[in-house]
Amino acid sequence: MREHIGRLLEEGHPITRETARLIAACIHSGDGSALERFAASDQLDTAAALAELTSIRVPSYQTGWVIALWTFLEVESDVEPLGALQTAPAAQEGW
């Protein structure tokens, strides 16, 4: 998955809904969260998913995934562009 998403980002292609759900499955903040529901059931609460994205911490290699997912969600709704991301060093998060 890492390579697939990396290729899409390098080539400037938008991610598909299926790829967005895979990313959401990898980075959601826990059971019952907006991103977890989207990943598991394809039920998307865009505002809640965007709010969750602003509060999660991801290892640096997943920063591009968050940007790709945010961009996907922007297309699903009319929101402001992505702000600053919180990233954690891989060692700090156990990656």
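User: Which residues does isoleucine 27 touch, not counting residues up to four places away in sequence?
Analyst: This is a predicted model, where local features need pLDDT of at least 70, side-chain atom pairs count only at pLDDT 80 or more, and totals for chains, interfaces and linings use all residues. Residues are numbered from 1 along each chain as its sequence is written, and side-chain values use heavy atoms, with hydrogens and water left out. A contact means heavy atoms within 4.5 Å. On that basis, isoleucine 27 touches Leu35, Leu53, Ile56, Val58, Gln62, Trp65, Val66 and Leu69.

User: In what order do the elements of the chain run from the N terminus on?
Analyst: The chain has 5 helices and 2 strands. Helices (H or I, at least four residues) and strands (E, at least two) are DSSP runs, numbered from the N terminus. The order is α-α-α-α-β-α-β.

User: What percentage of the 95 residues in the chain is buried?
Analyst: Buried means under 20% relative accessible area, exposed over 50%, and partly exposed in between (1.4 Å probe, protein chains only). By this rule, the buried part of the 95 residues is 33%.

User: Which elements do the buried residues of α3 pack against?
Analyst: Helix α3 buries Ala34, Leu35, Phe38 and Ala39. They cover an arc of only 135° around the axis (taken from the directions from the helix axis to the C-beta atoms), so they sit on the same side of α3. Their packing partners are α2, α4 and α5.

User: How many residues apart in sequence are the parts tied together by phenylalanine 38 and phenylalanine 72?
Analyst: Rings of Phe, Tyr and Trp (its six-membered ring) pair if their centres lie within 6.5 Å; planes under 30 degrees apart count as stacked, over 60 as edge-to-face and the rest as tilted. Phenylalanine 38 and phenylalanine 72 are stacked, at 6.2 Å centre to centre and 25° between the planes. Both are buried, phenylalanine 38 at 0% relative accessibility and phenylalanine 72 at 10%. One lies in helix α3 (residues 34-41) and the other in helix α5 (residues 63-76), so the parts tied together are apart in sequence by 34 residues.

User: What is the angle between the planes of tyrosine 61 and tryptophan 65?
Analyst: Tyrosine 61 is partly exposed at 28% relative accessible area, whereas tryptophan 65 is buried at 7%. Their rings form an edge-to-face pair, 5.8 Å centre to centre. The angle between the planes is 90°.

User: Which residues is threonine 19 in contact with, leaving aside neighbours within four places in sequence?
Analyst: Threonine 19 is placed in helix α2 (residues 17-27). At 5% relative accessibility, threonine 19 is buried. Its contacts are His4, Ile5 and Leu8.
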